Amino acid sequence: MDFDVIIIGGSYAGLSAALTLGRSTRNVLVIDASEPCNKQTPHSHNFLTHDGDRPADISAAAKAEVLKYPTVKFVEGKAISAKQTEQGFSVDLENSEHFTSRKLLLATGLKDTLPDIKGLAACWAISAIHCPYCHGFEVKNEKVALLMNGEHAFEMSKNIQLLNKDLTILTNGKSELTDVQTEKLRSKSITIVEDEVVEFEHRDGYLENVVFKNGKKLALKAIYVKPEITQHLNFDKQLGFELTDLKIIKVNEQQQTTAKGVYAAGDCTTLFRSLSIITASGTMAAVMINKELISEDF
Ligand SMILES: Cc1cc2nc3c(=O)[nH]c(=O)nc-3n(C[C@H](O)[C@H](O)[C@H](O)COP(=O)(O)OP(=O)(O)OC[C@H]3O[C@@H](n4cnc5c(N)ncnc54)[C@H](O)[C@@H]3O)c2cc1C
């Protein structure tokens, strides 16, 4: 067996787990494809001692801390398959490398797919944002909109109107809000626009105008978006664990999946996508993996 634990995904959740396992003198391999979901974000917020830092600086500092522990190894690359074996797990990389371990931790994050509208991808993570706790304060009191419809638009607008009184909901087609919701939103001076959106005009990712199919434009500082989320790879099929209805990996409070010996942490297991929550889940997974190894060996 090459390692006690293989961690697939070496961003915030994976590194947090590697720190705990490294400090427990476990032989750990971290495999990382270097594609964290926040890589386009200029500044990360709401993470104590790092508020306003560049995400790449936070992860570089984290990696340097973790690699001080001599039993932790880090390889850059993409894991393309993971299998349960009689002794544990075997993992294949795209570059044909192959490793085995007793336990497996998935910290692979989530893939975000944006609505296919011109200019939106360039604005993503800069002025097209997903979370008021991460980026809302920076655009407070500015003119902002939600590119959302129905129940989600209603719930999100409650949150955003705390920071932005000039708020518009772009349903991008027929509104799916109920009459009661529409009346409530209007009573809060929240505008609902059903016109089809064809473009987000921007300068270097900083939003300037939303352009509608009818030719009208709306000047905006930021747009809140809800991307579609999916898992990066079909590890659920390969390893036989369950996803929830929300397409995240089903884990218990100890970050155990429904497959024996397979743990998961970070964004791939939760929609509460925030560095503090994600790093905590990595720590929890590591403690529980270590506990399982101790009880097998003691
Ligand atoms: C645009 C945006 C902005 C954000 N801003 C903030 C913020 O300001 N403050 C905050 O607290 N939170 C913020 N978040 C949330 C935060 O970034 C995430 O919660 C956090 O990055 C999740 O960490 P993770 O380790 O679970 O996944 P990720 O950081 O997404 O990393 C997953 C890693 O796994 C790797 N990987 C995936 N599959 C494989 C594979 N098969 N083989 C090898 N490696 C693989 C990826 O390449 C990647 O490096 C933001 C999120 C987004 C999307």
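User: Are α1 and α8 roughly parallel or oblique to each other?

Analyst: Good place to begin! Keep in mind that this is a predicted model. Two packed helices are described by the angle between their axes and the distance between the axes. Here, the axes of α1 and α8 (residues 275–297) cross at roughly 40° and come within 7 Å. Angles under 35 degrees count as roughly parallel, and α1 and α8 are therefore oblique to each other.

User: In which hand does α1 pass α8?

Analyst: The crossing of α1 with α8 is right-handed.

User: Which residues of α1 and α8 meet?

Analyst: From α1 come Y12, A13, S16, A17, T20 and L21. Across from them in α8 are L275, I278, T279, G282, T283, A286, V287, I289 and N290. Sorted by class, the residues of this α1 and α8 contact are nine nonpolar, six polar and no charged.

User: Now for another partner of α1. At what angle do α1 and α2 pack?

Analyst: Helix α1 (residues 12–23) packs with helix α2 (residues 55–66) at about 20°, and their axes are 9 Å apart. α1 and α2 are therefore roughly parallel to each other. This time the crossing is left-handed. Y12, L15, A18 and L19 of α1 meet P55, I58, S59, A62, K63 and V66 of α2. The contact of α1 with α2 divides into eight nonpolar residues, one polar and one charged.

User: What about α5 and α6: how are they arranged?

Analyst: Helix α5 (residues 150–160) and helix α6 (residues 179–187) pack at about 25°, with 11 Å between their axes. That angle makes α5 roughly parallel to α6. α5 passes α6 in a left-handed crossing. In α5, the residues E151, F154 and S157 meet Q181, K184 and L185 in α6. By class, that contact has two nonpolar, two polar and two charged residues.

User: Let's turn to the ligand. Which residues come nearest to the ligand?

Analyst: There are 36 residues around the ligand, and S11, D32, E35, H45 and D267 come nearest.

User: Which atom of the ligand is 3.3 Å from a polar backbone atom of Y12?

Analyst: For Y12, the ligand atom is an oxygen. You have already seen Y12 among the α1 residues that meet α8, and Y12 also meets α2.

User: And how far are the polar side-chain atoms of S44 and H135 from a nitrogen atom of the ligand?

Analyst: For S44, the distance to a ligand nitrogen is 3.4 Å. For H135, the distance from a polar side-chain atom to a ligand nitrogen is 2.9 Å.

Definitions and conventions:
Residues are numbered from 1 along each chain as its sequence is written. This is a predicted model: local features need pLDDT of at least 70, side-chain atom pairs count only at pLDDT 80 or more; totals for chains, interfaces and linings use all residues. Side-chain values use heavy atoms; hydrogens and water are left out. Axes are lines fitted to C-alpha atoms, for helices over the stretch in contact, and angles run from 0 to 180 degrees between N-to-C directions. Helices (H or I, at least four residues) and strands (E, at least two) are DSSP runs, numbered from the N terminus. Angles under 35 degrees count as roughly parallel, over 145 as roughly antiparallel, 65 to 115 as roughly perpendicular and the rest as oblique. A crossing is left-handed if the near helix is turned anticlockwise from the far one by less than a right angle, and right-handed if clockwise. Contact means heavy atoms within 4.5 Å. Ala, Val, Leu, Ile, Met, Phe, Trp, Tyr, Cys and Pro count as nonpolar, Asp, Glu, Lys and Arg as charged, and the others, Gly among them, as polar. A residue is near a molecule or strand if one of its heavy atoms lies within 4 Å of it. A polar contact is a pair of N or O atoms within 3.5 Å; within protein, one must be able to donate a hydrogen and the other to accept it, and residues adjacent in sequence count only if both atoms are side-chain atoms.
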